[in-house]
Amino acid sequence: MAGLMIGLIYGVVGLLSGFCMMSSLRGWWADGDRRLVRTFALAMGIAIVATQLLAANGVVDLGKSIYLQPTFSVPLMLLGGVLFGYGMVLANGCGSRALVLLGRGNLRSFVVVTVLAIAAEMTLKGLIAPLRIALMQASQTTAAATSLPALLSAGGLHGAPARLLPALALGGVLIAFAFAHAPFRRAAGQIFAGLVVGLLVAAGWFATGYLGADEFNPVPVASLTFVAPIADGLQYVMLSTGSTVNFGIATVAGVLAGSLVTALVTRRFKLEGFHSPNHMLRSVGGAALMGIGGVMALGCSVGQGLTGLSTLALPSFVAITGIFIGTAAGLRGALRVRPLKMEPEAAR
């Protein structure tokens, strides 16, 4: 139920504010509009501070999350981030944005969500899984410290100060960056969106790490992320017999429901399709790259860009760097994804 409510709120806020990393970076780098990137920065800052406050007070054990495992592959996570970022540009939005737009009636997003789920499942457990596992085993490393607090602890600073010092420093920089932009300070809706999404990340940790803390039936400690949950959601609707709804599946359902209800209430619901076959091919390719890359990087622009970074995990900084590189390649330079020309039939 907590996952469903968190998803509902995310769906509402996502539709009303246009919250999306790819849109944020495109607005910043290509269009000169810096408000959305400030919204994402505010969400990152709030997520980091709120999450580390929960951990510092012993409410949530972040060490049980996938982001803080001692063994990881830097090359695989970096490559996965690059693939996800470039795919995000090709598909014109990340997995969470596709869910929000699907709730608004965007049928292109239905194709993106479906292909992303299939590609992710193939990479997790299917045809691509052996290659992913082989690459991971060949390049993995075991680190004594996997987070900024752990590094400070190794240097002699322990307990809550080791968590709160880097959290307040990094979170403070991100929040200051957000409010340093005068147009953003006047955009109450964007400020609200950044605050809410950041708090939703902390709420996810609280739901799974505290409400779901049961020694006899433990729930994996997780928060907002969308690649694996979308794949799990597709598998659940196909093979639900004997399966259970987990936090991720409930969150995905909540995002769809929240966006749909908001679109109907605000009269934004409108059925939309592809403009041309090339448009569809580009979206399918982007969705496949996001599914594959998101699994390799252990998360998406939200799963690593917000949730992973909120743990201050060192591998998350690697993954988000890859996502930035892939997005930058898709928006600028020789590999830039150029706007599609309207084909004659589509124009008619």
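## Confidence of the model

The mean pLDDT of the protein is 92, and 98% of its residues reach 70 or more. Over residues 344-348, however, the pLDDT is below 50, and beyond near neighbours in sequence this stretch has two contacts in the model. Where pLDDT is low, the predicted coordinates should not be read in detail.

## Helices H4 and H16

Helix H4, which covers residues 74-90, packs against helix H16, which covers residues 314-331, at an angle of about 35 degrees, and their axes are 6 Å apart. The crossing in which H4 passes H16 is right-handed. Among the residues that make this contact are Gly81, Phe84, Gly85 and Met88 of H4, together with Gly322, Ile323, Gly326 and Gly330 of H16. Sorted by class, the contact has 15 nonpolar and seven polar residues, with no charged residues.

## Ser301, in a loop

Ser301 is found in the loop between helix H14 (277-296) and helix H15 (303-310). Because its relative accessibility is 0%, Ser301 counts as buried.

## Thr251, in a helix

Thr251 is found in helix H13, which covers residues 247-265, and with a relative accessible area of 2% Thr251 is buried. A polar atom of the Thr251 side chain lies 3.4 Å from the backbone oxygen of Gly3. Apart from neighbours within four places in sequence, the contacts of Thr251 are with Gly3, Leu4, Gly7, Leu224 and Phe226.

Terms used
Residues numbered from 1 in each chain as written. Predicted model: local features only at pLDDT ≥ 70, side-chain atom pairs only at ≥ 80, totals over all residues. Heavy atoms only, no water. Axes fitted to C-alpha atoms, helices over the stretch in contact; angles between N-to-C directions. Helix = DSSP H or I, 4+ residues; strand = E, 2+ residues; numbered from the N terminus. Left-handed = near helix turned anticlockwise from the far one by under 90°. Contact = heavy atoms within 4.5 Å. Nonpolar A, V, L, I, M, F, W, Y, C, P; charged D, E, K, R; others polar. pLDDT = per-residue confidence, 0-100. Buried < 20%, exposed > 50% of the residue type's maximum accessible area, 1.4 Å probe, protein only. Polar contact = N/O pair within 3.5 Å; in protein donor to acceptor, adjacent residues only side chain to side chain.
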